Amino acid sequence: MTALIAWVGKTDQLAAQGEIPGKGPIAGLLTACNECFDIVWLLGAGYSKPDLEKYQRWLRKQSPQQTVSLHVTPIKSEHVTDYARLLAAAVEGIEALRQQHRDIDLAYHLSPGTPAMIVINVLLSQTRFPGQTYQSYFDPETRRQSGEEVRITPLWLSVLPNVLTAELRAAQLPARSSFITHNEDFRKIVRRVELTASETNAPLLIIGETGTGKEGLARIAHESSGVKGEFVPLNCGAIPNDLFESTLFGHKKGAFTGAVTENQGKCIQAANGTLFLDEVSELRPDHQVKLLRALQSNRGKFEIIPVGGVKARRVSFRLVAACNRDLKQMVWSEDFRQDFYYRISTVEIRVPPLRERPEDVMAFVECGLVPLLDEIFGESRRRAPRRFTEEALHALAYECDWSGNYRSLQRVLIRIHLDMSDEPVSKEEVLSHTREFVTGKSRESFFEDIPLSDYSATLMEIRRSFLKRAYVKAGFNKEAAAALLGLKTGQTFSDTAKRIGLTLERPKKRR
């Protein structure tokens, strides 16, 4: 008994729908080699389960002599070229087949699916699950289906290094097309955002310095959610005080002076989509209260009452908030409501600044410079981007303190491009452009302007700052704060705080 392993490809789907001539690769092979296979084990990736099941039913009618089974993988359409995902899915699918038929021979179809799927089938046929390999053709002139066995036993020795190289390159590609990163920590952050958004509807809080890509991560969360609604961004620091409720919740016609038409508001616009509250730390306390009440989920929906309205409208959306300040510290200092903080921070993501990711500076120069210049200059750009010397790249990555992160880096790159020169960019040229954008100060230089007579007071202030930060980061747990600072016990932490005059208080709960 032999089973044919085949990924369902686009051509197979179109052939089944009658949109192209022929039967498609899978049905074509079964027509040409009708007695070669007893079972057809379809692997589905990138298509919905109903579409795959529809194709399965069609194929059964085309090939009634074979048992046609379907194994649907969790791979989405954007991942059909991901070698690692495809390999894991194929292994799982074949193991499921062999659990049902332990003594079955395997064969692999190399014609349908993406090139990555074909490579996976080649590898598995020569390594973990040995089997024969087949390919099929359709001649549009004669309208004849043909298929044959392909003997590629010696070929895998040359294919394997190419696959390994491809996987290495894939590991260096952006986790998403909107991000250019070679930093593994940042890739983990992106993966966490994707997983959180795809598996839950939990509110997401993104904290990071200005220019680190917080909105980009919010858009990744929106895309990974699979929602059909819009991505609705809102800068909380730019909302006029008297228009806050109208902006968020909308208003009825005539609700106030100047309300000549009805306005839906951002929450309604984000229905079945994502509401992105940028710079959420800038919200006034009374605005936080109003939002807190509106964001009380009732079976996954929020009840929004427009200004001048009486009846609440129930809507669902993903809530993503972002800011460049430490909200825990603000809660401790009572500059931000604790209950509202807990409402928006079910999952908290902290984005590292660009100065902690020097490899990403190089990655942006290598991969993001051309798109940036095309966006800025458009058709007016007549010259290719200038090449950077190794010393210049090193200076950008390691000798600059990018206070504005990507925004500062982009401004530097644009100014360098405006220098009408055909010579490679030198280290000296980089440093001449970065002085006004970055601090470039070492830790030692921060204290140069402090009088020597302030030695004791300065050390005391630094110690207070470190203990206070550790206490907040540890969630006001003294044992955990001590561990962060390398102190032995929570009692040591308390004694040290008392000795330097630091009062340790948990934030007061607001009523």
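This is a predicted model: local features need pLDDT of at least 70, side-chain atom pairs count only at pLDDT 80 or more; totals for chains, interfaces and linings use all residues.
Across the whole structure, a search finds 12 aromatic pairs. In one of them, the ring centres of Phe-37 and Tyr-134 lie 5.0 Å apart and the ring planes meet at 75°; planes over 60 degrees apart count as edge-to-face, so this pair is edge-to-face. The two partners come from distant parts of the chain, 97 residues apart: Phe-37 belongs to the loop between α2 (24-32) and β2 (39-44), while Tyr-134 lies in strand β5 (residues 132-139). How buried are these two residues? Phe-37 has a relative accessible area of 3% and Tyr-134 has a relative accessibility of 7%. Buried means under 20%, so Phe-37 is buried, and Tyr-134 counts as buried too.

A second pair, Phe-302 with Phe-317, is tilted, with 35° between the planes and 4.6 Å from centre to centre. Here 15 residues separate the partners, as Phe-302 is in strand β10 (residues 302-304) and Phe-317 is in the loop between β11 (313-315) and β12 (318-323). Both Phe-302 and Phe-317 are buried. Elsewhere, Trp-332, Tyr-471, Phe-476 and Phe-493 come together as one aromatic cluster.

The charged end of Arg-357 sits over the ring of Phe-186, at 4.2 Å from the ring centre. Likewise, Arg-469 places its charged end over the ring of Phe-466, 5.2 Å from the centre.

Next come the strands. Strands of a sheet pair through backbone hydrogen bonds, in either a parallel or an antiparallel way. Strands β2 and β3 (residues 67-72) run parallel and are joined by six bridges; in one of these, Val-40 has Val-68 in β3 as its bridge partner. Between the two strands, the chain passes through helix α3 (residues 49-62), and this β-α-β crossover is right-handed.

Five strands build an open sheet with parallel pairing, in the order β8-β9-β12-β7-β13. Five bridges connect β8 with its parallel partner β9 (residues 274-278), and Val-232 stands opposite Leu-275 in β9. Helix α8 (residues 214-225) packs on the sheet, where the helix touches β7 (204-207), β8, β9 and β12. The direction of α8 makes about 170° with that of β12.

Key
Residues are numbered from 1 along each chain as its sequence is written. Side-chain values use heavy atoms; hydrogens and water are left out. Rings of Phe, Tyr and Trp (its six-membered ring) pair if their centres lie within 6.5 Å; planes under 30 degrees apart count as stacked, over 60 as edge-to-face and the rest as tilted. Helices (H or I, at least four residues) and strands (E, at least two) are DSSP runs, numbered from the N terminus. Buried means under 20% relative accessible area, exposed over 50%, partly exposed in between (1.4 Å probe, protein chains only). A charge sits over a ring if NZ of Lys or CZ of Arg is within 6 Å of the ring centre and within 35 degrees of the ring normal. Two strands pair if DSSP finds at least two bridges between them. A crossover is right-handed if, with the strands pointing away from the viewer, the path from the first strand over the helix to the second runs clockwise. Contact means heavy atoms within 4.5 Å. Axes are lines fitted to C-alpha atoms, for helices over the stretch in contact, and angles run from 0 to 180 degrees between N-to-C directions.
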